[in-house]
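Subject: Structure handover

Hello,

Here is the structure I promised to pass on. Please open it first, then read the notes below it.

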Amino acid sequence: MTTNGTEPDGPVRIGAVVGGSLSRGLDVRLESAQAVEDVKVGTFVTVQGKFNRFFGIVTDLLLDSSDPRMASAIAGGGPALAEALSGTTAYSTASVTPMLTMQAGGEGPQPARSMPPHFANAYRASNDDVAAVFGSEDARHIWIGSPLDMEDTRVCLNLEEFVKRSNGVFGKSGSGKSFLTRILLAGILQRGAAINLVFDMHSEYGWQSTSESGYAAKGLKQLFGSRVSVFTLDPASSRRRGASTDYDVVIGFDEIEPDDIAVLASTLHVTDLGVQSCYTLERRFGRNWLLEFLGHSQEDLASLADSMGENAGTLGALRRRLSQLQRFGFMSERSTGGSAVRQVLEHLQDNRHVVLEFGGFGDNITAYLLVANLITRRIHTEYRERTEAALAEGRPQPTPLVITIEEAHRFLDPGVAGQTIFGTIAREMRKYRVTLLVVDQRPSGIDGEVLSQVGTRIVCQLDNDRDVDAVLTGAPGARELRTVLSRLESQQQSLMFGHALPMPVVVRTRAYDEAFYADMGVPGHGAALGTASTPSRSDLFG
Amino acid sequence: MSTAQPASSPSAAAGPALTAAESGLPKFGEVVEASVDRVVGQCHTLYGAPPLGTLVRVGSSLFAVVDGVSTAALDPGRRVIARGAELASESDVYAENPQLERLLRTDVTLTVVGHEEGGRFFQHLPPLPPRIHTFLYACSGAEVRAFMERSDWTALVLASALPTADDVLAAALREAAPEFDDPRAFLVQACRAIAAQLPTDAARLAAIMRRLPVE
């Protein structure tokens with residue numbers, strides 16, 4: 001029963017409701033042998049009640065029998081006996097969790113709080129049903145993929161809602177996180193839902209990168225030209241890859257604050273005492289504390305320790321650890337006037353999207369943590385001030401900002417989530433229009449409180465049980481989703497659920513290919529949707 | 001256990017011609033006792049009963065399945081005595097004692113499985129039992145196909161109090177199957193109907209199916 005009856009072959013009936021509960025799911029007795037093998041975990045199902053239509057998802061399949069002694073009874077029976085018993089004494093049921101209710105002629109889908117009656121007919125959801133639930137492509141929705149076995153149907157994601165909360169893309173290595181993230185970033189960019197700041201650890205979002213299968217995926221800069229600025233920490237690496245970058249990032253030692261060191265404590269092996277000493281040092285030397293401290297010779301250190309009332313051994317160890325920072329090519333003794341951080345901020349303010357490439361530093365987690373944290377902290381301050389000022393003066397609030405971080409568990413593990421700015425952003429920055437897009441393969445390493453703030457979760461295949469548990473924490477119907485999640489294919493499939501989606505959905509992610517480029521309106525790849533090459537505030541947001 | 005064969009052959013003994021309104025096949029007996037669910041008929045010739053499981057038309061509108069055949073003395077008070085002590089073969093007994101044809105009778109018992117009304121077949125009990133002396137006819141192939149197209153009648157056999165109900169049911173299916181173009185499909189469909197009526201007793205279904213010529 002489709003919404004407008006345009007389905008060519010009519011709705012495909014799979015069976016009827018014979019029992020179940022709202023929490024556990026409806027038991028739908030499958031009608032035919034074909035239905036038994038066609039219906040899969042994750043398949044969308046509509047159930048036609050008398051007054052409402054219910055939209056649900058198959059979460060489990062069960063072979064059942066009305067005769068508990070059947071197994072012994074059929075010993076020695078031939079195929080005819082099997083034929084006689086299938087669908088009569090022996091039957092299959094699908095567990096269908098009702099997710100949404102659609103009232104005839106009423107408003108859009110609502111969360112299901114009631115159930116269809118016994119014997120209500122269950123059908124495979126049609127394209128129209130899916131469109132009614134997930135919306136169709138428009139100014140706010142991007143096409144992100146297709147439901148399983150419904151290759152012609154498009155599941156769309158409401159980007160406006162998506163960027164209102166922090167979001168997560170999880171999955172083990174090689175499961176397609178990067179492609180999904182590219183699609184999300186490009187969608188956000190193209191629809192102007194928010195401004196992106198990407199901490200591009202493996203240099204794969206800004207400029208072209210080659211996937212594991214050898215496919216060259218275009219970066220945002222190639223797709224959107226000057227609307228995207230690529231900053232690099234490693235100009236040599238960027239040049240080698242033939243990437244076009246806009247700015248080389250140089251960070252002055254005087255820009256590093258003790259808070260930044262606190263985040264690095266575990267990677268630099270700095271003790272709590274050492275972190276405390278940093279604050280003392282800052283009080284003593286002021287803004288340029290780090291360089292001053294590193295400039296002390298071993299002998300000077302003893303007298304410094306004396307005068308500060310610190311242990312010379314602690315300071316010595318701290319100096320050794322912190323001196324690692326001097327090896328980073330992007331660190332400079334003194335920041336130039338237009339510091340890189342300032343540049344990033346200005347670009348963001350001008351509604352330009354920023355991708356920060358780490359190049360050769362991508363493998364150095366210390367560099368990644370340091371830079372990401374340092375820049376984000378300034379942004380935090382800036383956005384907070386701008387939002388408060390906008391509120392006070394009744395001006396429109398700044399365009400939402402989405403900060404993409406990879407290896408997020410390093411920033412958000414329970415030990416440091418309290419200190420890093422990312423923990424704060426995940427918890428409260430929604431109010432200040434800054435949210436995170438967390439890309440990670442170890443969600444179990446992320447602080448539970450932060451994870452609970454992740455609005456929309458996009459989960460590719462995960463192997464580790466703890467990761468699966470973590471990612472499903474707090475999700476309604478977690479037990480059923482677990483079954484769905486464990487059946488995901490290793491590539492290009494993901495389970496999405498949370499704030500921006502009306503219900504959980506298993507999606508075959510759309511391909512990141514020429515067709516996608518064309519959709520994004522890239523010159524030379526078909527019709528352009530917008531003027532990608534002439535960006536300005538009014539163009540994008542006017 | 002009989003092999004499947006046309007229901008008509010054993011009862012095609014001599015007998016008076018049928019009325020035009022009745023089936024093309026000859027009558028083999030008539031009703032001597034009747035209730036809505038069970039009928040007892042007496043055959044017009046000794047040993048003239050159709051085999052177990054044969055679909056029988058009672059008069060013009062009632063259908064029943066042969067669930068038992070018995071032969072005994074016509075007068076229950078006078079027991080049959082052995083007569084073959086001096087004779088060489090069983091047929092000599094009948095040749096020497098032509099009166100036996102008159103002193104013995106063959107009875108059939110029938111389970112009512114449905115009726116016909118205005119050209120439609122109903123696989124449930126008729127509103128009234130047949131009248132005594134209503135003629136009995138073994139159904140033709142066309143009648144078997146028309147009546148057994150659906151398998152709901154099996155419920156009436158399964159529900160009968162007969163200890164031999166399962167054998168009767170299997171016999172009825174065996175008798176009917178050859179009348180269909182695809183006997184196996186007919187049997188499987190009927191067995192599915194039986195399975196639906198025995199949801200908690202797959203063993204009984206399996207036992208019934210073991211009596212059927214179906215793999």
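**Helices with a buried face**

Start with helix H14 of chain A, residues 340–349. Its buried residues are Ala340(A), Val341(A), Val344(A) and Leu348(A). Helices here are DSSP runs of H or I with at least four residues, strands are runs of E with at least two, and both are numbered from the N terminus. Buried means that 20 or more other C-beta atoms lie within 10 Å of the residue's own; exposed means 12 or fewer, partly exposed is in between, and C-beta atoms are placed from the backbone. Seen down the axis of H14(A), the buried residues fall within an arc of 105°, so they line one face of the helix. The arc is that of the directions from the helix axis to the C-beta atoms. Just after H14(A), Asn351(A) has a positive phi of about 60°.

Before you go on, two notes on the source. This is a predicted model: local features need pLDDT of at least 70, side-chain atom pairs count only at pLDDT 80 or more, and totals for chains, interfaces and linings use all residues. Residues are numbered from 1 along each chain as its sequence is written, while chains are lettered from A and ligands numbered from 1 in the order in which they are written.

Helix H13 of chain A (residues 312–322) has Leu315(A), Leu318(A) and Leu322(A) buried. What covers them? Part of the cover is helix H10 (272–285), helix H11 (289–294) and helix H12 (298–308) of chain A.

Phe285(A) lies in helix H10 of chain A. Leaving out residues up to four places away in sequence, Phe285(A) touches Glu292(A) and Phe293(A). Contact means that the C-beta atoms of two residues, placed from the backbone, lie within 7 Å.

**Chain A overall**

Chain A has 22 helices and 23 strands. Its C-alpha atoms fill a box of roughly 95 × 55 × 50 Å along the principal axes. Of its 542 residues, 46% count as buried. Take the contacts in chain A between residues at least 6 apart in sequence: 68% of them join residues at least 24 apart.

**The sheet**

Chain A has an open sheet of twelve strands with mixed pairing. The order is S9-S8-S23-S22-S21-S10-S20-S19-S11-S18-S14-S15. Strands pair if DSSP finds at least two bridges between them. S9 and strand S15 (247–248) of chain A stand at the edges, each with a single partner strand, so one side of each is left without a neighbour in the sheet.

Strand S8 of chain A covers residues 141–147, and six of its seven residues are buried, so S8(A) is largely enclosed by the rest of the structure. S8(A) runs antiparallel to strand S9 (residues 155–158) of chain A, joined by four bridges. There Trp143(A) has Cys156(A) as its bridge partner in S9(A). S8(A) also pairs with strand S23 (residues 505–509) of chain A, antiparallel, over three bridges. Pro147(A) stands opposite Val507(A) in S23(A).

Strands S11 (residues 195–200) and S18 (residues 353–357) of chain A run parallel, with four bridges. Phe199(A) has Leu356(A) as its bridge partner in S18(A).

His499(A) lies in the loop between strand S22 (493–498) and S23 of chain A. His499(A) is partly exposed, with 15 other C-beta atoms within 10 Å. Beyond four places in sequence, His499(A) touches Glu161(A), Arg165(A), Gly455(A) and Thr456(A).

**Domains and chain B**

The domain assignment, automatic or from a database, gives chain A domain 1 (13–134), domain 2 (157–245 + 339–541) and domain 3 (253–327). The centres of domains 2 and 3 of chain A, taken over C-alpha atoms, are 33 Å apart. Their contact takes 13 residues from domain 2 and eleven residues from domain 3. Helix H15 (residues 365–393) of chain A gives the most to the domain 2 side, with seven residues.

How many residues of chain B are in contact with chain A? 15 residues of chain B are in contact with 16 residues of chain A. On the chain B side, helix H6 (183–197) and helix H7 (202–210) are the elements that give two or more residues.

Best wishes
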